[in-house]
Amino acid sequence: MAANSSNSTSGKSAGKQSAPSAEQVVATFQRMRQEQRSMASKAAEFEMEINEHSLVIDTLKEVDPSRKCFRLVGGVLVERTVKEVLPALENNKEQISKIVETLNTQMQSKGRELTEYRERYNIRLVGEDEKQGKADASQAKDSEGGGPKGGAGVLVS
C-alpha cells in the first residue's frame, strides 16, 4: 500500500513538471482532428436538410393553401393543410441554418486550436515535408503577389 501512495504522489508531481508523452500528444491531436471532421460531416448533413427544406418550400408556395398536405412528425405521418405546414417548414429551415452557422464557428475555433496545438508540440503530418519543400520554393514567387494562397490554419489529411 505504501508503494501505491508513493507512486500516485510522484505521478502527480511528475505530471506538473514534465510534458505529456509523444503518444499522448498524438492521441490528443488525433482526437481533436476527429472532432473537427465530425463537425464538418454534421454541417454537411444539415446543409443537405436545408436544401431539401428549400425544395419543399418552393414547391408548396405554388400550391393552393387549403390543399391537403402530409408531414412526417416524429415518425408519424400527419395530415395538415399547406397553410399550416409552410410556416413550420420555414421555421425549421431557419433553425437549421442557425445550427449550421454555430457548427461553422465551432469548426473554425477547433481549427485554430488544432493549429496552436500542432505548433506547440511541433507536430508534422506524413507527406508534409514534401509539401513544405514545394511551398518554400513557390513562396518566393508568391511573395511578390501578396503571399501564398494556401489554406492557412486548415488541416488536410
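This is a predicted model: local features need pLDDT of at least 70, side-chain atom pairs count only at pLDDT 80 or more; totals for chains, interfaces and linings use all residues.

Biologist: What makes R31 and E35 a salt bridge?

Modeller: Their side chains meet with N and O 2.8 Å apart, and the cut-off is 4 Å, so the pair qualifies as a salt bridge.

Biologist: And why is R31 called partly exposed?

Modeller: R31 has 44% relative accessibility. Buried would need a value under 20% and exposed one over 50%, so R31 falls in between. E35, at 27%, is partly exposed by that reasoning too.

Biologist: Which salt bridge does E35 form with a residue of another helix, and how do you know that it links distant parts of the chain?

Modeller: E35 also pairs with K110, the closest N and O atoms being 2.5 Å apart. E35 sits in helix α2 and K110 in helix α3, 75 residues apart. Together with E113, the residues R31, E35 and K110 are linked in a network of salt bridges.

Biologist: Is K110 buried or exposed, and how do you know?

Modeller: Its relative accessible area is 10%, and buried means under 20%, so K110 counts as buried. Setting aside residues up to four places away in sequence, K110 touches M32, E35, Q36 and M39.

Biologist: What makes K61 and E90 a salt bridge?

Modeller: The closest N and O atoms of K61 and E90 are 4.0 Å apart. K61 lies in helix α2 and E90 in helix α3, so this pair ties together parts that are 29 residues apart in sequence. K61 counts as exposed because its relative accessibility is 51% and the cut-off is over 50%. The search of the whole structure finds six salt bridges.

Biologist: How many aromatic pairs are there, and why is the pair of Y117 and Y121 called tilted?

Modeller: The search finds one. The ring centres of Y117 and Y121 are 4.8 Å apart and their planes are at 55°. Stacked needs under 30 degrees and edge-to-face over 60, so 55° makes the pair tilted. Y117 is buried at 9% relative accessibility, whereas Y121 is partly exposed at 28%.

Biologist: Last one: why is F46 called buried?

Modeller: F46, in helix α2, has a relative accessible area of 16%, and the limit is under 20%, so F46 is buried. Beyond its neighbours within four places in sequence, F46 is in contact with I96, I99, V100 and L103.

Key. Residues are numbered from 1 along each chain as its sequence is written. Side-chain values use heavy atoms; hydrogens and water are left out. Rings of Phe, Tyr and Trp (its six-membered ring) pair if their centres lie within 6.5 Å; planes under 30 degrees apart count as stacked, over 60 as edge-to-face and the rest as tilted. Buried means under 20% relative accessible area, exposed over 50%, partly exposed in between (1.4 Å probe, protein chains only). Helices (H or I, at least four residues) and strands (E, at least two) are DSSP runs, numbered from the N terminus. Contact means heavy atoms within 4.5 Å.
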